[in-house]
Amino acid sequence: MTAYAVAHMRQVTPGPWMIEYLEKIDATLAPFGGRFVVHGGDVEVVENNWPGHLIVIEFPDSQHVRDWYRSPAYQQILELRTHNSESDVVFVDGVEHPHKATDVLG
């Protein structure tokens with residue numbers, strides 16, 4: 001089942017670290033089948049507030065997303081992001097299609 005790495009980047013300190021991180025992250029994703037499906041962009045807030053940016057990276061399954069995050073290649077650049085931003089990162093499984101809202105009940 002498809003899985004996602006989702007990041008809410010609340011605050012980012014601009015600098016050369018950001019360029020280095022962005023230049024290197026794609027190569028860390030490729031071996032694990034990861035691809036960006038949302039990467040910043042305009043957010044239309046319709047309820048409450050949403051400071052920052054949203055990033056969603058799709059992977060073939062939850063094992064791939066965990067293996068990517070723990071990989072030496074990603075661990076090597078991780079501090080570029082964590083030392084220069086405030087963010088929340090979660091891993092979440094997608095749903096099988098077709099999916100109805102009531103499927104979570106049973």
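## β3, a mostly covered strand

Let's start with β3, which is mostly covered in this predicted model: five of its seven residues are buried. The strand spans residues 53-59.

On one side of the story is β1 (residues 3-12), joined to β3 by seven bridges, with the two strands running antiparallel.

If you want a spot to check here, valine 38 has valine 56 of β3 as its bridge partner.

## The whole sheet

Zoom out and you get an open sheet of four strands, in the order β2-β3-β1-β4, with antiparallel pairing. β2 (35-39) and β4 sit at the edges, each pairing on one side only. From one strand to the next, the twist averages 20 degrees.

Helix α2 (residues 62-70) packs on this sheet, where it touches β1, β3 and β4. The helix direction makes about 45 degrees with that of β1.

## Out at alanine 101

Is alanine 101 buried or exposed? Its relative accessible area is 66%, and the cut-off for exposed is over 50%, so alanine 101 counts as exposed.

As for distance, alanine 101 and proline 51 are 50 residues apart along the chain, and their C-alpha atoms are separated by 28 Å.

Technical notes
Residues numbered from 1 in each chain as written. Predicted model: local features only at pLDDT ≥ 70, side-chain atom pairs only at ≥ 80, totals over all residues. Heavy atoms only, no water. Buried < 20%, exposed > 50% of the residue type's maximum accessible area, 1.4 Å probe, protein only. Pairing = 2+ DSSP bridges. Axes fitted to C-alpha atoms, helices over the stretch in contact; angles between N-to-C directions. Contact = heavy atoms within 4.5 Å.
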